[in-house]
Amino acid sequence: MVEPDPAQAELIAAVLREQGCLSAQVATAEAAIADFDRRRPDILFIAADLPGMDGLAATREIKRLAAGRFLPIMLLAHKRDEALLLSSVESGADDFLLKPLEPGLIKARIMVMERVCELQHRVSERKRTIAAMLENERVEQALAERVLSRAVEERNVVMDRLDLLQRSAAIFSGDIVLTQHLPDGGLRLLVGDFTGHGLAAAVAALPIADAFHAMTVKGVSDISLLTELNRKLFQLLPTDRFMAAILVTVPASCTELRWWNGGMPSGWLRTANGLRELTAHALPLGILPDLPCDEVARRVHVRRGDRLLLMTDGLLEAHDTQDEMFVHAGLRQSLASWAPGMPLLPTLREALDAHLAGTEQADDIAIVDLPIEPSIFARRVRLSGQRPRVGWDVAIVLEDERLKSQPTLETLLDPLGLAEGLRKEMVTLETIFTELYSNALEHGVLKLDSSLKATSEGFATFYRERARRLDDLRGARVSVEIRFEPSGEGGCVWLRIWDSGEGFSEESVRALWSDPARPWGRGIPLARELCDTLEFQGNGSQVEATYRW
């Protein structure tokens, strides 16, 4: 109670005692403010006409000291004054009492404030609970995004030679950039833009990345690759979802560039003679069940020193504070000033940042600036200058703690000097190994159910549960045996993986593997397509695969 009149203060104190409250009285605002942190009161009665600092100023200062905690303050005045009443509300007071005070009215106001405090407490608890749930979801999505991005991007090549800008409008990005070398050493590049953004847009990137890398390494033609990507997307995505894409292939001869543009913004080729626009000429992937039978990739002559610029529509449609799109306010000017042989991305980034200042990014943005030069092509490096003429056999056992880190075929074989003869086929072999090892770990050892991935929420739940079960592993084991046999200019890799889990019946899940509408469980079918043979044995806890080239 901040009340200089002892009689009024005692009247309030008596009512508070009846309510089971402890009370203290000071005569000035300065004393109340000085003692606030020590006492931390639950309710304050402040006289409006205090000596020195008045009650209104005291109310403002005490509300500031409360730092967001709800603290009911009742202002005490001698007369009903409309101006004073308005000023008390503006200063932060929660109620207004007239002197002389009446015990019954004081009691009623205290009971009302107790109910308000209880309601405020409930609201605060719910806000904290919701905030904790949102933060937990954000952390889970960030973890899932790292896992998804690594799975999509880890097999990309020459990314250090590209000028690349990727900005997502949410934690997950619906834009993907994939690169891989062809058997002749040439480079294939795909920039895709799924409908929307966030997890729902990003999750379909996994099967697209798997097919892109495996088929490119095998030298599959542009149209055959596009046909397979279109088939997968049509089967997997809802009818209102698709992927706009531009596919570019630069053979190692470096004399031409092949391109296919399905619903993407125009690509731009900067040559010594000027700009060449690579316009869209086909529908996005996943809309029709099959590509038109007359679909072909376009061709254009290139020379070393030319540069290629690709982008998603998030760049063109980025709005500034005046609601003007970047395609009109910055892109055209940047293209007009693009000098031959020079990267454009630094200029574009600077113009985009200035354009977006003071606004919120509404869509994912991806920009690729590719130099047509020898450094983007594959270089075959062999330690001895010849393929190894002898075979080898190696067995590795991973237990408990070592199962927490996902191994790769290259990291297992490189320290033993055995990876060199497999370099040309390593991307395909890595795909096969990763799918079979993940199957053994996640479904054999950890007993996880892939059907969790049927929804975006389940996808995050799957990887959260995966991390939890890995932390609890005791006595778990995955064994790997790899055998290589050279054959002429090629060879054969035999791979066996078995785990300490309970296994499964292959027949019971074969129908699931053949269901194309299912957004999970595509790894084993992909491995089957790549392998010459793939067979589960025993109770399903052992798998053998062979791959020949």
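**Ground rules.** I number residues from 1 along each chain as its sequence is written, and side-chain values use heavy atoms, with hydrogens and water left out. Because the model is predicted, local features need pLDDT of at least 70 and side-chain atom pairs count only at pLDDT 80 or more, while totals for chains, interfaces and linings use all residues.

**Second largest pocket.** I got a volume of about 620 Å³ here. Of its 25 lining residues, Leu-22, Ser-23, Pro-41, Asp-42 and Ile-43 sit closest to the centre. H6 gives the most to this lining, four residues. By class I count 18 nonpolar, two polar and five charged.

**Terms.** On a 1 Å grid over the protein atoms alone, a cavity is a set of points where a 1.4 Å probe fits but cannot get out; a pocket is an open set with protein on both sides within 12 Å along at least five of seven lines; lining residues have an atom within 4 Å of a point. Volume is the space filled by probe spheres set on the points, joined across faces, edges and corners. Helices (H or I, at least four residues) and strands (E, at least two) are DSSP runs numbered from the N terminus. Ala, Val, Leu, Ile, Met, Phe, Trp, Tyr, Cys and Pro are nonpolar, Asp, Glu, Lys and Arg charged, the others, Gly among them, polar.

**Cavities.** I searched the whole structure and found two of 30 Å³ or more. The largest has about 80 Å³, and H14 gives the largest share of its lining, five residues.
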